[in-house]
Structure formats: C-alpha cells, structure tokens
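The following paragraphs lead the reader through a protein model. Please keep the sequence and the structure in view while reading.

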Amino acid sequence: FLIVVSVCTVTGAWNWLIDPKIQKVSFFTSLWNHPFLTISCITLIGLFFTGIHKKVYNMPCNDTGKLILKPKPHVQ
C-alpha cells in the first residue's frame with residue numbers, strides 16, 4: 001500500500017510540476033486544482049504518522065552490516 005501511495009504521489013507531483021498554470025496562481029490554488037496530488041500527499045503523510053514505515057522497514061543492520069531480523073510488531 002505504501003508503494004502504491006508513493007507512486008501516486010510522484011505521478012501527481014509530476015503532473016503538478018509540468019502544469020504551466022502553477023506559475024500564475026498561488027500555492028494553495030494550484031493544490032486545489034490538482035486534487036490527485038493533494039489527496040496522495042495527505043494519505044502518504046497520514047501513513048507515516050501511523051507508523052507504516054516501521055511495519056515495512058523492520059530489518060535494521062548492526063555495525064558490521066549484518067541484517068538483524070526482528071519480529072513484526074503487533075497491530076492493535
């Protein structure tokens with residue numbers, strides 16, 4: 001799910017950046033004109049606040065570079 005939302009955010013950002021009208025309107029107006037990007041960004045930020053990155057990247061390394069496997073955290 002994190003990958004899907006990330007790809008949606010990148011796609012929306014690309015469409016936002018290539019839009020020639022963003023130079024003529026304010027930042028909030030340009031976000032209002034690009035709801036796909038706005039919703040994707042809000043969803044991505046919400047996922048990080050809920051800790052999705054801890055559930056996905058649960059494999060740290062020690063000082064020698066050896067992978068330390070930890071059990072998955074329990075979702076309550």
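In which helix is W14 found? W14 is found in helix α1, where a helix is a DSSP run of H or I with at least four residues, numbered from the N terminus. The model is predicted, so local features need pLDDT of at least 70 and side-chain atom pairs count only at pLDDT 80 or more, while totals for chains, interfaces and linings use all residues. Residues are numbered from 1 along each chain as its sequence is written, and side-chain values use heavy atoms, with hydrogens and water left out.

W14 counts as exposed because its relative accessibility is 55%; exposed means over 50% relative accessible area, buried under 20%, and partly exposed in between, with a 1.4 Å probe and protein chains only. From W14 to L37 the C-alpha distance is 9.1 Å, although 23 residues separate them in sequence.

Helix α3 holds C41, which is partly exposed at 28% relative accessible area. By contrast, S30 in helix α2 (residues 27–33) is buried, because its relative accessibility is 2%. Leaving aside residues up to four places away in sequence, S30 touches W16, I22 and V25, a contact being heavy atoms within 4.5 Å.

The largest nonpolar core consists of 5 residues, L2, V5, L44, L47 and I52. Two or more of these residues come from each of α1 (2–17) and α3 (35–49). Such a core is a set of buried Ala, Val, Leu, Ile, Met, Phe, Trp, Tyr and Cys residues joined through side-chain atoms within 4.5 Å. With residues up to four places away in sequence not counted, L47 touches F1, L2, V5 and I52.
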